[in-house]
Amino acid sequence: GEISNILVSGQVTAASENSINRPVAGIALYNKENGIVCNCTSALDITVADSMPVYVGGIVYHNIGTIDYCRYTGNMKLTASSGDILAGGIVYKNENTGTVSFCETIGKIEGIVGNSMDVDDTVSSLAVDNTVTIGGIAAYTNAGEIKQCRMTGKISLTGNCYNGYWRVGGIIGSSLATHYWDCCFNGDIESNVTMVSPSSGFYYVAGLSGDNVSDTVERCYVSGTILDCGAELFFTPRWLFGKNADNTIDCYYPSGSLEPSMDVPEGGCMAVSLASMAAKSTFSGFDFTNDWTMGDSYPIQIVFSHYYAGVTDDSSQQPDVDEDQIDGITDEEYIQQHLAFALSSEYQLRMDSRFAKILDNALYTEGAQAAEIIYDILNTTDEMMKFQSLSIFKNPYEAVLTELMFSASNESSYSLESQ
């Protein structure tokens, strides 16, 4: 059968009953062989709080059929006080003949293990092993294929647990003998979990696949952020793969503090500067005629090029929202979120990436000068508030660049600092 052209929104709250696990999915629990789920969007906010394992797929729970052109744009809040968290932005489990193509996750997956950080825990409540398997596209894959998918949302882990078994990836949480190609991770992974006994368990967190075995990976890259706030963890995150980089061709990651994988591969994985990610010539092997196009700071799959900041330009496909709200929050709340972000440690890295193309190429002298000025002055709340267009954009970088272009096109006496 086929499910197509569906948009769902609203809220789903689930819990197990009588020790029975109850999986959750935005569109369908099972997509069997020869089944098709096509052109569907889930904007559901999914909340699951339980002591039993938590299984969630943003679109489909278990897939051995075909999932094409689907998007998850909602928020998941998943709490497992003494069990496991297993969730994928598009699908929880993709295996055998299952294929996932042209799909993206722009929502947030929040996993809370053990008890919340604001709860006074007892030793007994922490004496549990938590397995966390989360992927921006799929939590778990066994064979199957993933083609031209991207993650631009956020994966966040908080809480306390005795020890952990972590499999977290920007594309796949745990992958076995899976072929995926032309995928990218442009989002965020943040782990801030307190572990009582970190010497046991394992910790595989990476931009593409967390726990990867015998995969074939072609023409993928990572440009997002991976923040590890748990100093006691005895494994560190990796840019591309939590384990080894086997059968990898033309994959790219930012040069810097993280290694690409547990072993440092001699070929197939290339470290490049964020600035160079704005140039086609950096990505050897990428097909910029049929599969990819160049965005402001990094490549974008052509299939997603009609989206603006992760939101389709066809308003008929979006859920109705209040005109005074953006993503379900008021303009004032939206601005405050970005003011807080502007003061965070992550701000400089993101602005470096956003302005890389202008500063590196300096195609327009006025634009390059304006970029340097704006970069210098935007590190204070007062200056950020002066940009009047901020509240109408989905992210602050588009607003900043718009102001930059206005300033470059006006008279030379125009001053950003006077706005």
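Close-up 1. The model shown here is predicted, so local features need pLDDT of at least 70 and side-chain atom pairs count only at pLDDT 80 or more, while totals for chains, interfaces and linings use all residues. Residues are numbered from 1 along each chain as its sequence is written, and side-chain values use heavy atoms, with hydrogens and water left out. Across the whole structure the search finds zero disulfides, a disulfide being a pair of cysteine sulfur atoms within 2.5 Å.

**Close-up 2. The salt bridge between arginine 150 and glutamate 104.** A salt bridge is counted when a side-chain nitrogen of Lys or Arg is within 4 Å of a carboxyl oxygen of Asp or Glu, and by this rule there are seven. In the pair shown, the closest N and O atoms are 2.6 Å apart. Arginine 150 belongs to strand β18 (residues 150-151) and glutamate 104 to strand β14 (residues 104-105), so that the pair links parts of the chain 46 residues apart, strands being DSSP runs (E, at least two residues) numbered from the N terminus. Both residues of this pair, arginine 150 and glutamate 104, are buried. Through shared partners, salt bridges join Arg71, Glu104 and Arg150 into one network.

**Close-up 3. The salt bridge between aspartate 211 and arginine 167.** Here the closest N and O atoms are 3.0 Å apart. Because aspartate 211 lies in strand β26 (residues 209-213) and arginine 167 in strand β20 (residues 163-169), the pair ties together parts that are 44 residues apart in sequence. Aspartate 211 is buried, with a relative accessible area of 8%.

**Close-up 4. Isoleucine 146 in the largest nonpolar core.** A nonpolar core is a set of buried Ala, Val, Leu, Ile, Met, Phe, Trp, Tyr and Cys residues joined through side-chain atoms within 4.5 Å. The largest one has 60 residues, and Ile146 is among those that touch the most other members.

Technical notes. Buried means under 20% relative accessible area, exposed over 50%, partly exposed in between (1.4 Å probe, protein chains only). Helices (H or I, at least four residues) and strands (E, at least two) are DSSP runs, numbered from the N terminus.
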